[in-house]
Amino acid sequence: MSTHASDPLAALGSLPGVADAVDSVRKAVDRVYGHRVMRRRSNEISSEAALRGARGSAALSGADWALEEVRRRTDFSADPEARTVGAALRLGAEAGQLLSIWRQSPLRVLARLHLVAAGDPDDSVGRPRLDGERVDEPLIGGPAPTPAEVAGRLDGLAELIVAGSGAPALVTAAVVHGELLALRPFTSYNGLVARAAERIALVGSGLDPKAVCPAEVGHAEQGRAAYLAAFEGYLSGTPEGVGGWIAHCGRSVELGARESTAVCEALQRGAA
């Protein structure tokens, strides 16, 4: 990852493709916020965005259910896929409650997210994993970093968030997402937690204050193969790779905004 003496996140704004991605995201967000339905029914749009974002995040973690099935179900304990969908829904509901804590104590927020995702906690839930504990993450393969490396990098990430940055919201959110995927700090649900943290970063920055541009929708729409390819670029640490990951996250936000714009249009027509 590129560095800068006082603001390492801001330095990422000059990476290949990042400025264009930031500009495209801003235009997409402005379009949905400018829709006439948003002025009267923004709470409905936010609720629908949370549902669709949860569905998308669960799909990336191996539970690719139709939206209407997610909407219809009430029991999410029957099997691993159902538990994944349930975890994604709980995270979507919880994320908005944690915004005030995020900038002061991001590690507390991450612990809370894991606790919410796990639902039925044991002694490994809500804390970074220890030596010898296995990581259960269906999407990300390869050896996970050691607990010592996890602790150091989580502390570094938290320091960046607490210190604040002049970086665009997209850059910060993409780095939060990428670091958590790379570290897999918990024994389970790391992908879901990483995507929920990305959402919190986007909302808390003021880019998407009403949480109506669910990046999880766009990540799922672009597909698991594209998601993993972009993430491999982030892991490479090269300017092109990290810039490509940020641009991929930007495209995901754009697609999430497009989804909510379509919901606005449907509501305006009285079809939803």
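**Pockets, cavities and helix contacts**

By class, the lining of the second largest pocket comprises five nonpolar, four polar and four charged residues (nonpolar: Ala, Val, Leu, Ile, Met, Phe, Trp, Tyr, Cys and Pro; charged: Asp, Glu, Lys and Arg; polar: the others, Gly among them). The model is predicted: local features need pLDDT of at least 70, side-chain atom pairs count only at pLDDT 80 or more, and totals for chains, interfaces and linings use all residues. Residues are numbered from 1 along each chain as its sequence is written, and side-chain values use heavy atoms, with hydrogens and water left out.

On a 1 Å grid over the protein atoms alone, a pocket is an open set of points with protein on both sides within 12 Å along at least five of seven lines, a cavity is a set where a 1.4 Å probe fits but cannot get out, and lining residues have an atom within 4 Å of a point. The second largest pocket has a volume of about 220 Å³ (the space filled by probe spheres set on the points, which are joined across faces, edges and corners). Its lining has 13 residues, and those nearest its centre are Pro80, Thr84, Asp136, Pro138 and Tyr189. Helix H5 contributes the most to this lining, with four residues (helices, H or I with at least four residues, and strands, E with at least two, are DSSP runs numbered from the N terminus).

The largest pocket holds about 260 Å³ of space. Among its 16 lining residues, Trp102, Arg103, Thr172, Ala201 and Ser205 are the closest to its centre. Helices H6 (99-102), H8 (147-163), H9 (169-183) and H10 each supply at least two residues of the lining, and the largest share, three residues, comes from H10. In this lining ten residues are nonpolar, five are polar and one is charged.

The residues that line the largest cavity are Gly53, Ala54, Ser57, Ala88, Leu91, Gly92, Ala95, Leu192, Ala196, Arg199 and Glu216. Two or more of these residues come from each of H3 (36-60), H5 (80-95) and H10 (190-204), and H5 provides the largest share, four residues. Six of the lining residues are nonpolar, three are polar and two are charged.

The second largest cavity contains about 40 Å³ of space. Arg199, Leu202, Val203, Asp208, Ala211, Cys213, Pro214, Ala215 and Glu216 form its lining, to which H10 and H11 (215-222) each give two or more residues. H10 provides the largest share here, three residues. The lining of the second largest cavity has six nonpolar residues, three charged and no polar.

The axes of H9 and H12 (residues 224-236) come within 10 Å and cross at roughly 90 degrees (axes are lines fitted to C-alpha atoms, for helices over the stretch in contact, and angles run from 0 to 180 degrees between N-to-C directions). H9 is therefore roughly perpendicular to H12 (angles of 65 to 115 degrees; under 35 counts as roughly parallel, over 145 as roughly antiparallel and the rest as oblique). The contact (heavy atoms within 4.5 Å) joins Val175, His177, Gly178, Glu179, Leu181 and Ala182 of H9 to Tyr227, Phe231, Tyr234 and Leu235 of H12. Seven of these residues are nonpolar, two are polar and one is charged.

The axes of H9 and H13 come within 9 Å and cross at roughly 110 degrees, so H9 is roughly perpendicular to H13. On H9 this contact uses Leu170, Val171, Ala174, His177, Gly178 and Leu181, and on H13 it uses Trp245, Ile246, Cys249 and Gly250. Seven residues of the contact are nonpolar, three are polar and none is charged.

H13 (residues 239-269) has 31 residues and reaches 45 Å from its first C-alpha to its last, close to the 45 Å expected at 1.5 Å a residue (1.5 Å times one less than the number of residues). Gly270 follows H13 and has a positive phi, near 80 degrees.
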